[in-house]
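Please walk me through this protein model, starting with its strands and ending with its loops.

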Amino acid sequence: MKGLALNVLLAVVWALFSGEVSLRELVIGFLLGYALLNMFPDALGTRSYQRTSFALLRFAAMFIRELTVANVQVALLALHPRPDLKPMIFKVNLHPHTDTTLTLLAATVTLMPGSVVLGFSPDRREMYVHAIGLDNTRAARESIHRVERALSAFLPTPSLKEAT
């Protein structure tokens, strides 16, 4: 949080020194501030901010890639004269997560065309998913676990007391 606050402060200072407080100057200041914070993470105490922001960028890139692939797969199914939808419902075992992480995981999986999260087990360690167009559930589970790991890289994890 300290790194983000410092980054925003650097953006505002940049905009004030440029003589024009506009969105363009704030974005330029934010990017320059981000570069500055990444050059001196230990001296400025922004190592966790750097790690979290890289994890967030990796998640965004992975989400865009998975979304594109899923859209193409569903479009090919829709264009086929007799699509073999192969609908299935399967369970995915999850690691302990906070409510925020589970909500984002469910939203991310549901945003992928061809898959819908149906719900969670009462202990929130299992997620039930409906999907179409898959030969087996292994690839879908691996994809969901990739999303889970990417989310866990930048979101808080529950303490051991909360996880039990």
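Strands β1 and β3 run antiparallel and are joined by 6 bridges. Two strands count as paired if DSSP finds at least two bridges between them. Strands (E, at least two residues) and helices (H or I, at least four) are DSSP runs, numbered from the N terminus. Within this pair, Phe 90 stands opposite Val 129 in β3.

The structure is a predicted model, in which local features need pLDDT of at least 70, side-chain atom pairs count only at pLDDT 80 or more, and totals for chains, interfaces and linings use all residues. Residues are numbered from 1 along each chain as its sequence is written, and side-chain values use heavy atoms, with hydrogens and water left out.

The pair belongs to an open sheet of 3 strands in the order β1-β3-β2, with antiparallel pairing. β1 and β2 (115-120) are at the edges with a single partner strand each, so one side of each has no neighbour in the sheet. From one strand to the next, the twist averages 30 degrees.

Two helices meet these strands. α5 lies across β2 and β3 and runs at about 150 degrees to β2. α6 packs on the sheet, where it touches β1 and β3, and its direction makes about 45 degrees with that of β1. Such angles run from 0 to 180 degrees between N-to-C directions, and the axes are lines fitted to C-alpha atoms, for helices over the stretch in contact. Contact means heavy atoms within 4.5 Å.

A nonpolar core is a set of buried Ala, Val, Leu, Ile, Met, Phe, Trp, Tyr and Cys residues joined through side-chain atoms within 4.5 Å. Buried means under 20% relative accessible area, exposed over 50%, and partly exposed in between (1.4 Å probe, protein chains only). The largest nonpolar core here has 23 residues, and Phe 90, Leu 105, Met 127, Val 129 and Ile 144 have the most contacts inside it. Two or more residues come from each of α4 (47-79), β1 (88-93), α5 (99-111), β3 (126-131) and α6 (137-152). The largest share, 5 residues, is from α6.

Two loop residues remain. Lys 86 is in the loop between α4 and β1, and its phi is near 50 degrees, a positive value in a residue other than glycine. Arg 124, in the loop between β2 and β3, also has a positive phi, near 60 degrees. Arg 124 counts as partly exposed because its relative accessibility is 33%.
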